Amino acid sequence: MSAADAAPRRVSYSEGVNTQRLAGQVIAVTSGDQGYGRAISSALARAGASLVLIGSNPETLSAHASQIEHAGGTAIPLKADVGVTLDWLSAQSRMLEIFGVLHGIVHLADKRAHANFTMLSEGEWMDLFNCNVKSSVMLAQIIQRRLPGTWLTLVGPHLDELGLQAYPQRGALRGLVERAEAEELRLNMVLPSRASSSEAKADAPLSEAVLTLALPELHHLRGNIIEVPLPPAPKYRDQQYRENLVRSS
């Protein structure tokens with residue numbers, strides 16, 4: 001065996017299995033540089049989609065876009081606050097300038113509280129509402145008005161968040177998704193069983209669910225709310241979350 005044969009080689013996105021399932025698709029992912037957004041955007045890129053990574057931190061967005069590009073995918077970073085309509089419209093215009101089309105949006109509506117329900121301030125509750133509910137309704141409305149045919153998949157509040165504040169958020173998003181069919185919107189939601197582990201392998205079932213909903217041949221799927229069971233997060237992730245919760249209480 002030659003030295004060249006023995007040396008490990010980098011496997012690009014284009015060499016994987018089923019890499020062209022989303023070939024030709026342009027998909028925006030909010031919070032695409034962190035948590036589930038990072039894992040989902042990587043999975044969509046491996047499936048052949050061109051990605052637009054939306055978020056608030058230009059450095060981490062650019063770093064993740066560079067990783068996708070280095071592996072053979074296509075991704076551009078765009079700084080925008082999805083909770084602000086004008087910010088999103090500006091980013092949307094930029095996407096259309098670059099690609100000419102936007103086939104779908106994956107929106108992370110899964111911001112968590114770092115305090116229990118009793119200790120939440122009005123400002124913290126409104127931040128949760130704006131990040132998870134208001135932004136989702138806004139995106140659905142903009143799609144209906146300006147982007148007919150574009151699909152929207154929500155990643156909703158995690159099922160392991162049992163604080164009382166999680167229930168009205170999930171309820172509002174469930175109502176939005178379930179009634180979307182009446183408006184002819186291709187809108188679906190996935191509910192992960194826990195928060196992101198920040199490890200692609202552990203979070204892969206959620207990424208696969210989102211990828212499946214994005215397939216062009218499944219354009220008829222709408223109004224679905226899918227609970228996605230995930231393997232336990234590494235113990236250090238659970239411990240870190242508990243420590244943060246205790247410090248915030």
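Modeller: The accessible surface of the chain comes to about 12,400 Å², and carbon and sulfur atoms hold 53% of that surface. Accessible areas come from the Shrake-Rupley method with a 1.4 Å probe. This is a predicted model, in which local features need pLDDT of at least 70 and side-chain atom pairs count only at pLDDT 80 or more, while totals for chains, interfaces and linings use all residues. Residues are numbered from 1 along each chain as its sequence is written, and side-chain values use heavy atoms, without hydrogens and water.

Colleague: What percentage of the residues count as buried?
Modeller: Of 249 residues, 46% count as buried, that is, under 20% relative accessible area (1.4 Å probe, protein chains only).

Colleague: How many helices and strands are in the chain?
Modeller: The chain has eight helices and seven strands. These are DSSP runs numbered from the N terminus: helices are H or I with at least four residues, strands E with at least two.

Colleague: And in what order do the strands of the sheet come?
Modeller: The open sheet of seven strands has the order 3-2-1-4-5-6-7, with parallel pairing; two strands pair if DSSP finds at least two bridges between them. Strand 3 (74-79) and strand 7 (225-228) are the edge strands, each pairing on one side only.

Colleague: Which residue stands opposite valine 26?
Modeller: Serine 50 in strand 2 does. Strand 1 (residues 26-30) and strand 2 (residues 50-55) pair in the parallel sense over five bridges.

Methods:
Buried means under 20% relative accessible area, exposed over 50%, partly exposed in between (1.4 Å probe, protein chains only).
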